[in-house]
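Student: I have a chain to go through. Can we take it by question and answer?
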Amino acid sequence: MEQVHLFTKKLKPTHISHALSFPTHALEAFSFPEGAHTTRFEAVDAIDNVWGFCLSTRLTGAHPKPVLLRSSWRRFVEQKGLVPEDRVAFFMERSGEADGMIRRYTVRAQRKVMMLMGQDVWVDVEDVPLYGL
């Protein structure tokens with residue numbers, strides 16, 4: 001399987017409270033039903049939990065402005081304990097020829113834990129120690 005990085009996004013307060021804006025270039029990794037502006041997909045996290053997401057584009061205007069709808073995104077945010085300045089990364093794994101391509105999506109929720117030699121060090125939120133408990 002070939003893993004393709006779709007995007008990484010540092011979260012802002014609106015991403016936490018509402019929807020996650022999705023880069024337009026990442027739309028090419030998803031199939032939308034004919035005439036539809038939404039598609040559902042599943043992504044597996046770092047501990048093999050499966051998350052259902054709904055990706056939507058706007059109906060009018062020159063740009064599709066894709067987002068993960070709050071109805072599917074909010075549960076992930078809450079369960080992972082995400083806060084502004086955390087980040088999410090989406091990947092797609094694909095195998096086979098173009099016609100028989102199998103796609104599997106993965107999602108990582110990450111938190112910056114330190115800076116080392118001028119570089120941010122990010123770890124999956126599942127691996128961040130729980131301090132003060």
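Tutor: Start with the elements: helices (H or I, at least four residues) and strands (E, at least two) are DSSP runs, numbered from the N terminus. This is a predicted model, where local features need pLDDT of at least 70, side-chain atom pairs count only at pLDDT 80 or more, and totals for chains, interfaces and linings use all residues. Residues are numbered from 1 along each chain as its sequence is written, and side-chain values use heavy atoms, with hydrogens and water left out.

Student: In what order do the elements of the protein chain run from the N terminus on?
Tutor: The chain holds two helices and eight strands. From the N terminus on, their order is β-α-β-β-β-β-α-β-β-β.

Student: What share of the contacts with a separation of 6 or more is between residues 24 or more positions apart?
Tutor: Contact means heavy atoms within 4.5 Å. Count the contacts in the protein chain with a separation of 6 or more; the share from residues 24 or more positions apart is 53%.

Student: What percentage of the 133 residues is buried?
Tutor: Buried means under 20% relative accessible area, exposed over 50%, and partly exposed in between (1.4 Å probe, protein chains only). By that cut-off, the buried part of the 133 residues is 36%.

Student: Which residues touch the most other members of the largest nonpolar core?
Tutor: A nonpolar core is a set of buried Ala, Val, Leu, Ile, Met, Phe, Trp, Tyr and Cys residues joined through side-chain atoms within 4.5 Å. The largest one has 27 residues, and those touching the most other members are Phe53, Trp73, Leu82 and Phe90. Two or more residues each come from β1 (2-10), β3, β4 (50-56), α2 (70-80), β6 and β7. As for the contacts of Leu82 beyond four places in sequence, they include Trp73, Phe76 and Val88. The residues asked for are Phe53, Trp73, Leu82 and Phe90.

Student: Is Phe7 buried or exposed?
Tutor: Phe7 lies in strand β1. Leaving aside neighbours within four places in sequence, its contacts include Leu20, Phe22 and Phe90. The relative accessibility of Phe7 is 3%, so Phe7 is buried.

Student: How are the rings of Phe41 and Phe90 arranged?
Tutor: Rings of Phe, Tyr and Trp (its six-membered ring) pair if their centres lie within 6.5 Å; planes under 30 degrees apart count as stacked, over 60 as edge-to-face and the rest as tilted. The whole structure has 14 aromatic pairs. For Phe41 and Phe90, the centres are 6.3 Å apart and the planes are at 70 degrees, so the pair is edge-to-face.

Student: Which strands does that pair link?
Tutor: Phe41 and Phe90 are both buried. They are 49 residues apart, and the pair links distant parts of the chain: strand β3 (residues 38-44) and strand β6 (residues 87-95).

Student: Which residue meets Glu126 in a salt bridge?
Tutor: A salt bridge is a side-chain nitrogen of Lys or Arg within 4 Å of a carboxyl oxygen of Asp or Glu. The search of the whole structure finds eight. Glu126 lies in the segment after β8 and its partner in helix α2, so the pair ties together parts that are 46 residues apart in sequence. At 2.2 Å, N to O, the partner is Lys80.

Student: Is Lys80 buried or exposed?
Tutor: Glu126 has a relative accessible area of 25%, so Glu126 is partly exposed. Lys80 has 11%, so Lys80 is buried.

Student: How much accessible area does the nonpolar surface patch have?
Tutor: Patches are made of residues with over 30% relative accessible area and no salt bridge: like charges are joined within 9 Å, nonpolar side chains (Val, Leu, Ile, Met, Phe, Trp, Tyr) within 5 Å. Accessible areas come from the Shrake-Rupley method with a 1.4 Å probe; for residues, only the protein chains shown count as cover. Met117, in the loop between β7 (102-116) and β8 (119-124), is exposed at 81%. Together, Val113, Met114, Leu116 and Met117 have about 450 Å².
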